[in-house]
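Student: I have a structure to go through. Could we look at it together, step by step?

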Amino acid sequence: MTPFIQLNLTEGTPCFISILQIVLVEPRWKGGIPYTYLVLAGGESFTRNVTDSYESVMNAIQCYYKNRDYVAKSLSPKV
């Protein structure tokens, strides 16, 4: 499973972001329009505003880690 998710920036540009680099996910609104604010590893200057919902971003992150942990357990040696 790849750690990259495809999201859409608020300007309309599609982008791929590594789940491994996301350190903060926050739902926000501007002018009554919802968007999701992301902070990426590297500090507060690395931020992205995406039109994808907070729930869909969090679901992608949770699914990645659940699948990664499942694969790691299934491949670990049995004692």
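Student: How many helices and strands are there in the protein chain?
Tutor: The protein chain has 1 helix and 5 strands. Helices (H or I, at least four residues) and strands (E, at least two) are DSSP runs, numbered from the N terminus. This is a predicted model, in which local features need pLDDT of at least 70 and side-chain atom pairs count only at pLDDT 80 or more, while totals for chains, interfaces and linings use all residues. Residues are numbered from 1 along each chain as its sequence is written, and side-chain values use heavy atoms, leaving out hydrogens and water.

Student: In what order do the elements run?
Tutor: Starting at the N terminus, the order is β-β-β-β-β-α.

Student: What share of the residues counts as buried?
Tutor: Of the 79 residues in the protein chain, 27% are buried. Buried means under 20% relative accessible area, exposed over 50%, and partly exposed in between, with a 1.4 Å probe and protein chains only.

Student: New topic: how many salt bridges does the structure hold?
Tutor: The structure holds 1 salt bridge, meaning a side-chain nitrogen of Lys or Arg within 4 Å of a carboxyl oxygen of Asp or Glu. Arg28 pairs with Glu26, and their closest N and O atoms are 2.5 Å apart.

Student: And is Arg28 buried or partly exposed?
Tutor: Arg28 counts as partly exposed because its relative accessibility is 29%. Glu26, at 27% relative accessibility, is partly exposed as well.

Student: What about disulfides, how many are there?
Tutor: The count is 0 disulfides, where a disulfide is a pair of cysteine sulfur atoms within 2.5 Å. Cys15 is buried at 14% relative accessibility, whereas Cys63 is partly exposed at 34%.
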